[in-house]
Amino acid sequence: MTMAAAIENRTAEAQAWCKASRVAGVDILHDLSQAETIWRGLESPRQFSTPYQRFDFLSPWQRRVGERQNLLPLIVIAYDTERRPLLLLPLVLRHERGVRTACFMGGKHATFNMALWDRDFAASTTTADLDTLLSAIRSRSVADVLALTQQPLRWRESANPMALLPNQASANDCPLMTMVPGAPPVARISRSFRGRLKGKERKLQALPGYRYYAASADTEIQRLLDAFFRLKPLRMAEQKLPNVFAEPGVEDFIRSACMTPLADGGHAIDIHALECDDEVIAIYAGVADGYRFSMMFNTYTMSGNSRHSPGLVLMRNIVDHYAERGYHTLDLGVGSDDYKKLFCKGDEPIFDCFIPLSLRGRVTAAAMSGINRAKRLVKHTPALFQMAQKLRSVLR
């Protein structure tokens, strides 16, 4: 092939690439502050993202947790021909055993992971657009593999474009409650279950100063967090579970996010509580975006008041709180705990993508995929799950 022919061939390929994909440019940034303006623009209600990818949620996580784990921000921003942002992928680069893995910011504290999308682009994204994005990440980063886990198949009734990539079901499901705005309370929680919970709450209502509330004042939030970080280690020890909240930086991250106000009047993490004059009885915290509440963490008292099921009573109050504000869905986080199924009758489909970016990444992606498939098999096979629980108990 002559030089002129080669140049002509490359020009033709470039023109075809431009026609096939609307992604005309990709930036990869390692500083959150450089991405902040675009990031906040894509997290507005007019666009398409989850509250777990808000800048005010992930920025304190990266500063308090990510940096302590030596995770390097890898923020991928795609643009169209006019340099309008089409999407932002908030990733971090983890280096372990010689492999560099790019995964979502937030770690185990983000129930759902998604890119932040321009809504119109998300509605019409093609595999060509995603191929262009992946090609840019492959050529312009040192990552060996993309591990994009716990992605919702849909959010706010819109499809997640990342599901166009090769994917598999996540190891865990996420119990989901659907609420119809304006429907009567018994449409979301049955009359009989409500009756049982009201009977339990009557015993709590006898306590001096008993109340339910969503914390808004700084003093309320601080008091509830102090109680949470005092009670949660005791609950985790009682259940013989590791205390993930004791990991370096986690408490600072949670305190920071809970104290960060949002324009809509809430916080990056909202806290709900049952309390009386003598103690904090129960705490649930999560993220909300006007359409959905998603729970992150909870705990309840070690006192005798625990026999009145304060966690369930608080959950009923939270369901009614958001239903009265026109919310459509509510989830209690991934996992199959029995109490979640009392409220949530459906499951949120979530998926993982393991995409190799190098020769080394091919082996790693295959291993990650196999491990997660095995985990899902165990969690969805009762006999295997019981065996795993017994083995875990013995090892502890």
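Helix 2 and helix 3 are roughly antiparallel to each other, a label for angles over 145 degrees. You're looking at a predicted model, where local features need pLDDT of at least 70, side-chain atom pairs count only at pLDDT 80 or more, and totals for chains, interfaces and linings use all residues. Residues are numbered from 1 along each chain as its sequence is written, and side-chain values use heavy atoms, leaving out hydrogens and water.

Select 32-42 for helix 2 and 55-66 for helix 3: they pack at about 165°, with axes 11 Å apart. (Axes are lines fitted to C-alpha atoms, for helices over the stretch in contact, and angles run from 0 to 180 degrees between N-to-C directions. Helices, H or I with at least four residues, and strands, E with at least two, are DSSP runs numbered from the N terminus.)

Now show the side chains in contact (heavy atoms within 4.5 Å): Leu32, Glu36, Trp39 and Arg40 from helix 2 meet Phe55, Asp56, Leu58, Ser59 and Gln62 from helix 3.

Two strands pair if DSSP finds at least two bridges between them.

Zoom in on 270-275 and 280-288: strands 12 and 13 pair in the antiparallel sense over 6 bridges. Here alanine 273 stands opposite isoleucine 283.

Methods:
Angles under 35 degrees count as roughly parallel, over 145 as roughly antiparallel, 65 to 115 as roughly perpendicular and the rest as oblique.
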